[in-house]
Amino acid sequence: MLSALRSRGTRARALTHTRLFTSSPRISAPANSQTVVEQPPTVANSSLLRTERSEALWTPGLRWQDEEHVGVGFPKGREQDREIKEADLQDIEDGGRATEKLNMYQAIRSALQIVMQKDPTSMVFGEDVSFGGVFRCTMGLADQFGPERVFNTPLTEQGIAGFGIGLAAMGHTAVAEMQFADYIFPAFDQIVNDAKYRYRSGGMFDCGSLTFRSPCSAVGHGGLYHSQSPEAYFLQASGVKVVVPRSPIQAKGLLLAAIRDPNPVLFLEPKILYRSAVEQVPVSDYELPLGSAEVLQEGKDITIISYGPPLYTIETALHHLRHPGQDLEKLIPQDLRGLSVELIDLRTIVPYDVSRRDQKILSGIEANQLSLQIETVVKSVNKTGRCMIVHEAPSAGSVASELAAEIQQRCFLRLEAPVKRLTGWDTPFGLAYEKFYLPDQIRILDGIIETMRY
């Protein structure tokens with residue numbers, strides 16, 4: 001039975017890998033052309049998204065949480081009971097696990113609703129959250145759970161952070177929303193310094209049951225104060241985890257894991273994906289592992305590492321690499337069009353990707369995030385010999401900079417080229433120049449060619 005289950009899982013994963021970068025619809029070329037041009041993939045038809053029930057249930061790392069009460073301090077079920085079973089894959093009428101079509105903000109709302117139902121100590125608060133928030137992620141929660149557990153706060157980020165720290169220190173599960181990540185900086189002192197209660201008290205007390213949610217990254221028209229990606233500012237905030245999801249399934253599972261993690265977590269939600277990314281999401285309570293990168297596409301020639309929205313831009317760039325249009329035909333070397341690319345989603349920015357040993361350390365005490373083992377990344381780069389890191393945030397003092405240093409330290413003798421950093425520019429985020437600021441598919445293509453030709 002188990003072998004049949006594994007076989008079904010293998011087929012589902014193989015189907016996903018086959019679809020990756022190959023499922024975009026074909027469109028006819030102009031009437032005077034004899035060629036057929038494939039339409040580049042977008043978030044709407046991305047093969048990175050799991051749009052079938054079977055694919056959703058086979059999400060790597062997914063663990064069910066079927067207990068009645070779940071949260072920090074609550075006992076978890078046996079590991080073998082949390083794994084996917086053959087019964088989960090049966091038809092829904094026969095008792096199989098159900099999924100529902102959700103976009104990312106709906107998946108986040110689903111996670112928050114589960115937390116409120118299963119953890120009586122949980123509270124959700126922030127600017128405008130009682131009527132649903134700017135992006136509707138908390139819509140209806142105040143009506144369902146009451147104004148004592150879901151409520152608005154004044155327009156003061158440092159006040160929100162300080163209140164959340166105190167609430168968590170007194171034993172509650174605090175889920176605080178910063179309305180935009182650009183405005184998290186007034187709360188920087190609270191998050192970086194005051195969230196270290198466990199270390200300061202020698203383990204006597206802590207505020208580990210604290211999660212900050214915040215919309216981040218570019219949206220197309222956000223300008224200076226509604227487009228930034230501040231994750232790198234927290235690289236040195238030892239004890240605070242930072243997570244960025246790429247899709248609805250990831251958002252729900254990672255948010256549930258973040259809220260229940262015994263460490264403070266900054267959960268950054270790319271707002272451009274709130275409505276554009278749609279998947280079949282398991283209805284049940286489940287978690288995805290923090291501190292674990294995911295290989296989205298296996299390859300042998302170059303490793304590309306990213307997180308959040310740029311993953312979809314990379315997918316588009318790889319499409320153009322394989323199927324260049326007339327404007328790119330002369331610019332893409334013929335021998336690179338069949339390039340085998342390994343694509344990795346970091347998911348957890350701090351700590352990058354930790355071993356099981358390090359996960360046990362992090363669950364009890366703080367650790368130096370920058371010295372943790374980055375096993376998935378190192379294994380990939382040692383295999384391919386080339387690496388490029390892509391994200392929207394500026395380059396100076398960035399995730400790409402630190403990760404590139406780690407890779408060159410750990411993989412130096414296997415590298416065939418310098419680690420390429422492809423990021424936003426070290427400038428303010430200009431509204432009129434947003435398309436020039438972000439790493440687009442052309443810059444990514446150029447980076448791939450440069451790295452392969454080194």
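1. Basis of the note. The model is predicted; local features need pLDDT of at least 70, side-chain atom pairs count only at pLDDT 80 or more, and totals for chains, interfaces and linings use all residues. Residues are numbered from 1 along each chain as its sequence is written, and side-chain values use heavy atoms, with hydrogens and water left out.

2. Asp128 lies in the loop between strand S5 (122-126) and helix H6 (141-145); helices (H or I, at least four residues) and strands (E, at least two) are DSSP runs, numbered from the N terminus. Although Asp128 is not glycine, its phi is positive, near 70 degrees. With 27% relative accessibility, Asp128 counts as partly exposed, a class that falls between buried (under 20% relative accessible area) and exposed (over 50%), with a 1.4 Å probe and protein chains only. Arg136 is also placed in the loop between S5 and H6. Its phi is positive too, at about 70 degrees, and Arg136 is not a glycine. Arg136 has a relative accessible area of 25% and is partly exposed.

3. A cis peptide bond. The bond from Val350 to Pro351 is cis, and its omega is near -10 degrees. Pro351 belongs to the loop between strand S16 (348-350) and helix H13 (356-364).

4. S8 is largely enclosed by the rest of the structure, because seven of its seven residues are buried. In a regular strand the side chains alternate between the two faces of the sheet. From S8, Leu210, Phe212, Ser214 and Cys216 point one way, whereas Thr211, Arg213 and Pro215 point the other way. S7 and S8 run parallel and are joined by four bridges; strands pair if DSSP finds at least two bridges between them. Thr211 of S8 is the bridge partner of Val175. S8 also runs parallel to strand S10 (residues 265-270), with six bridges between them. There, Phe212 has Leu266 of S10 as its bridge partner.

5. Aromatic pairs. Rings of Phe, Tyr and Trp (its six-membered ring) pair if their centres lie within 6.5 Å; planes under 30 degrees apart count as stacked, over 60 as edge-to-face and the rest as tilted. The count comes to twelve aromatic pairs. One of them is stacked: the rings of Tyr183 and Tyr225 have centres 6.5 Å apart and planes at 25 degrees. This pair links distant parts of the chain, 42 residues apart, with Tyr183 in the loop between S7 and H8 and Tyr225 in the loop between strand S8 (210-216) and strand S9 (241-243). Tyr183 is partly exposed at 30% relative accessible area, and Tyr225 is partly exposed at 47%. Phe429 and Tyr437 form a tilted pair, 4.4 Å centre to centre with 45 degrees between the planes. Phe429 is buried at 5% relative accessibility, as is Tyr437 at 6%. Phe125, Phe151 and Phe163 form one aromatic cluster.

6. Charges over rings. A charge sits over a ring if NZ of Lys or CZ of Arg is within 6 Å of the ring centre and within 35 degrees of the ring normal. Arg97 lies over the face of Trp64, 4.0 Å from the ring centre. The charged end of Arg443 is placed over the ring of Trp425, at 4.1 Å from its centre.
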